Amino acid sequence: MSDTDTRSAGKAVDIDARKPLLEVEDLKTHFFSEEGVARAVDGVTYTLLEGETLGVVGESGCGKSVTSLSIMQLIPNPPGRIVGGEIRFRGKNLLGVSEKEMRRIRGNDIAMIFQEPMTALNPVYTVGNQIVEAVMLHQGKDKFEARERAIEMLRLVGIPSPETRVDNYPHELSGGMRQRVMIAMAMCCDPALLIADEPTTALDVTIQAQILELIADLQEKQGMSVLLITHDLGVVAETAHHVAVMYAGKVVEYARVDDLFAKPRHPYTIGLFRSLPDLASHGQRLETIPGIVPPPTNFPSGCRFRTRCPIASQQCAEIVPELVDVKQSDGHAHTVACHKLEEAERL
């Protein structure tokens with residue numbers, strides 16, 4: 001893989017020349033209830049560079065979305081609370097800033113779009129009013145200027161007749177149009193970081209491709225970074241520059257996307273790739289990862305994947321594996337949390 005990594009959207013990013021924009025280090029977000037402590041995020045570490053897309057993948061319940069909500073500091077308290085770690089944005093630890101400062105950052109410097117816009121958009125306000133509110137709050141524009149900005153953003157995200165659609169209510173728009181409105185709302189303040197949490201899950205395949213292309217185009221025009229949370233490895237292959245693979249509240253593998261797809265190292269990542277459908281399989285049954293993801297209130301000791309791993313040993317039950325750097329031939333970092341790396345290569 002060359003120093004300049006070009007994605008399908010036409011975005012060229014010289015990764016080695018970029019500085020870290022977002023650094024999540026040993027983040028722990030727990031939920032407290034009568035049933036016990038759910039360690040939804042329990043030591044997550046990854047870095048997002050300026051102008052790049054970081055794909056975060058893993059099964060449902062692995063902590064992907066809770067990590068993103070922690071970055072935005074939108075964890076409901078009670079029952080949830082960030083109990084450890086750091087979230088550094090442009091070098092500043094967001095966990096140390098005031099709520100007033102966080103409100104300024106949220107929506108202005110860091111924006112987020114959700115997988116189901118019908119639950120994120122307020123049904124009793126027009127989509128235009130919801131964009132106008134964000135522009136007035138974060139950019140200090142008056143109502144007329146904010147409305148013009150709203151129309152401009154709706155046009156930018158490809159909504160036809162934006163001068164009319166600006167006065168529509170969410171229920172008057174299709175799912176794809178609502179997701180475009182969410183993107184317009186997120187982009188209206190020119191954020192440096194866009195967090196996209198499963199932005200295409202509820203959409204059909206054609207609309208999915210349009211939304212992903214739209215995000216990539218906006219990224220290229222505005223130079224923002226994208227944190228893309230998804231369970232779809234195909235989407236990651238097409239859009240991401242780096243990938244963080246999560247399992248049971250932890251990152252188990254982190255690498256450049258081409259390195260990961262060429263040679264996954266962690267047994268869980270290998271299992272994910274083998275479970276993908278292959279057109280050349282001629283009707284053969286898909287491989288599966290046996291067992292289920294353990295509940296966050298009762299993670300197994302040691303490696304959390306060991307109860308589903310075909311090469312687990314007693315060491316895996318006793319010692320928590322740390323992320324270690326497995327050097328690539330080109331010198332790029334590829335970190336893996338596994339005690340059995342040599343055995344994993346033979347899987």
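Start by selecting M118, which sits in helix α3 (residues 117-120). Helices here are DSSP runs of H or I with at least four residues, strands are E runs of at least two, and both are numbered from the N terminus. Before you click on, know that this is a predicted model: local features need pLDDT of at least 70, side-chain atom pairs count only at pLDDT 80 or more, and totals for chains, interfaces and linings use all residues. Residues are numbered from 1 along each chain as its sequence is written, and side-chain values use heavy atoms, with hydrogens and water left out.

Stay on M118 for a moment. Its relative accessibility is 31%, so M118 counts as partly exposed. On this scale buried means under 20% relative accessible area, exposed means over 50%, and partly exposed is in between (1.4 Å probe, protein chains only). Leaving out residues up to four places away in sequence, M118 touches P170, H171 and R178, where a contact means heavy atoms within 4.5 Å.

Next stop: charged pairs. Side chains of opposite charge can pair when their charged atoms come close. A salt bridge here is a side-chain nitrogen of Lys or Arg within 4 Å of a carboxyl oxygen of Asp or Glu, and the whole structure has 18 of them.

Select D167 and R147. They form a salt bridge, with the closest N and O atoms 3.1 Å apart. D167 lies in the loop between α6 (162-165) and α7 (175-187) and R147 in helix α5 (residues 143-156), so the pair ties together parts that are 20 residues apart in sequence. D167 is partly exposed at 39% relative accessibility, and R147 is partly exposed at 31%.

Slide over to R149 and D190, whose side chains meet in a salt bridge at 3.3 Å, N to O. This pair links distant parts of the chain, 41 residues apart: R149 is in helix α5, and D190 is in the loop between α7 and β9 (193-197). R149 is buried, with a relative accessible area of 12%, while D190 is partly exposed at 43%.

E343 and K340 form a salt bridge, their closest N and O atoms being 3.5 Å apart; E343 is partly exposed at 28% and K340 is buried at 15%. Then pick E23, E25, E86 and R88 together, and you have a network of salt bridges.

Now for K64, in helix α1 (residues 64-72).

Last, select H266, P267, C303, F305, C309, C316, P321, C338 and H339, which line the second largest cavity.

Definitions and conventions. 1 Å grid on protein atoms, 1.4 Å probe; cavity = no way out; pocket = protein on both sides within 12 Å on 5 of 7 lines; lining within 4 Å.
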